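Please keep the sequence and the structure in view while reading.

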Amino acid sequence: MQNLKKIAVLFSCLALFVLFSGCILDNFGQGGQKNITSGQANQSAGPAIVGPQPPMLGEKPVDVSGYNPDNGNRRKIVEVLQTYSYEDESSFSGVNSLLNMSPEAADDAIWLLQKDNVYSKWTALYMLSNMGPRAQGGQRQKIVDALKPMLKSEVASFRAMAGKTLLSMGEKDGFEGEISVLGDNQRMMLSEPMELKCQYANEALARFSGQDFRFSCDLQGVDEAAKKKWEEWWQQNRNRLAWDGQKQQFAGG
């Protein structure tokens, strides 16, 4: 009898371990982005974490020690990166102070995009989303060339951000970035107010295509039928879409 009790206790502990492990895995989304939503009233809880491990106590989101900024724009960017804090998600709003840079500073945003840090890349994508639609000539092409590889990023939020910016610039390849995250119902990286990746993607698809397949998603799931309609629409129309500069959207779909 005593042995049976020990076995029962052992199985109970094992069950708790499996449940706990499942919860940890479920908290991390596509591309390693942690879902920090509580699932109630669109509230967020805990620090903004991207990656498979939580940060060490006192760790900064971006280690800028090797960045070596060599002009005024880059020095300003590094100053903003240093204000980011895991303990205060509002600290990431410092990115807004970089949005007044003109498209002529595209090289500086692209310099940041090439850094091997998710928060640096997020900051660069945020900057380029503001520069892209205003850029012309060589600067425009630099931004397009920098953003297109991000459509293949392992981080779903990066695919969505790059895709939307490309669409706003009249580059139809951006549709691929948005469609690729329609099935992801976790929070967009550092979005405030909170927005799910699938919501962000659908809004961009509808805005720049003029189509509406009544797609919807929430923390409980995704409208798979409407998602499939978007995928079919893209396959059927990708070769005949053309940018309408007056309407600021694509025609022919």
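Predicted model: local features only at pLDDT ≥ 70, side-chain atom pairs only at ≥ 80, totals over all residues.

Q: Which residues of helix α5 are buried?

A: Helix α5 spans residues 137-147, and its buried residues are Q139, I143, V144, A146 and L147.

Q: Where on the helix do the buried residues of α5 fall, seen down its axis?

A: The general idea comes first. An α-helix has 3.6 residues a turn, so residues three or four places apart point the same way. In this case, the buried residues of α5 lie within an arc of 165 degrees when one looks down the axis, so they line one face of the helix.

Q: How many helices and strands does the chain hold?

A: The secondary structure comes to nine helices and four strands. Along the sequence, the pattern reads α-α-α-α-α-α-α-α-β-β-α-β-β. The chain has 253 residues, of which 44% count as buried. Its accessible surface is about 13,500 Å², and 51% of that surface belongs to carbon and sulfur atoms.

Q: How does one read a nonpolar core, and which residues have the most contacts inside the largest one?

A: In soluble globular proteins, nonpolar side chains tend to be buried together. Here the largest nonpolar core has 66 residues, and those with the most contacts inside it are Y84, W122, M131 and F175. Several helices each supply at least two residues of this core: α2 (72-81), α3, α4, α5, α6, α7 (174-179), α8 and α9 (224-237).

Q: Which residues is M131 in contact with, leaving aside its neighbours within four places in sequence?

A: M131 is in contact with M101, S102, P103, A105, A106, A109 and I143. One of these, I143, is among the buried residues of α5.

Q: Is L113 buried or exposed?

A: A residue counts as buried when its relative accessible area is under 20%. L113 has a value of 5%, so it is buried. L113 is placed in helix α3. Not counting residues up to four places away in sequence, L113 touches K121, A124, L125, L128, A146 and M150. The residues L113 and M150 are 37 residues apart in sequence, and their C-alpha atoms are 9.6 Å apart in space.

Q: What share of the contacts in the chain between residues at least 6 apart in sequence joins residues at least 24 apart?

A: The share is 58%.

Q: How does one read a pair of aromatic rings, such as F92 and W122?

A: One considers the distance between the ring centres and the angle between the ring planes; planes over 60 degrees apart count as edge-to-face. The count for this structure comes to 14 aromatic pairs. In one of them, F92 and W122 have ring centres 6.2 Å apart and planes at 85 degrees, so the pair is edge-to-face. F92 lies in the loop between α2 and α3, while W122 is in helix α4, so the pair ties together parts 30 residues apart in sequence. F92 is buried, with a relative accessible area of 2%, and W122 is buried as well, at 4%.

Q: How are the rings of W243 and F250 arranged?

A: Their centres are 4.9 Å apart and their planes stand at 65 degrees, so this pair is edge-to-face. W243 is partly exposed, with a relative accessible area of 29%, whereas F250 is buried, at 5%. Ring pairs also link W243 and F250 into a cluster with F175, F208, F213, W230, W233 and W234.

Q: What is a disulfide, and which cysteines form one here?

A: A disulfide is a covalent bond between the sulfur atoms of two cysteines. The structure holds one disulfide. It is formed by C198 and C217, whose sulfur atoms are 2.0 Å apart. The pair links distant parts of the chain, 19 residues apart: C198 is in helix α8 (residues 197-209) and C217 is in strand β1 (residues 217-218).

Q: Why is the disulfide of C198 and C217 described as right-handed?

A: The torsion about its S-S bond is about 100 degrees, so the disulfide is right-handed. C198 counts as buried at 0% relative accessibility, and C217 is buried with a relative accessible area of 12%.

Key: Residues numbered from 1 in each chain as written. Heavy atoms only, no water. Buried < 20%, exposed > 50% of the residue type's maximum accessible area, 1.4 Å probe, protein only. Arc of directions from axis to C-beta. Disulfide = S-S within 2.5 Å. Core = buried A, V, L, I, M, F, W, Y, C linked by side-chain atoms within 4.5 Å. Contact = heavy atoms within 4.5 Å. Areas by Shrake-Rupley, 256 points an atom, 1.4 Å probe, with all protein chains shown as cover. Phe/Tyr/Trp six-rings, centres within 6.5 Å; stacked < 30°, edge-to-face > 60°.
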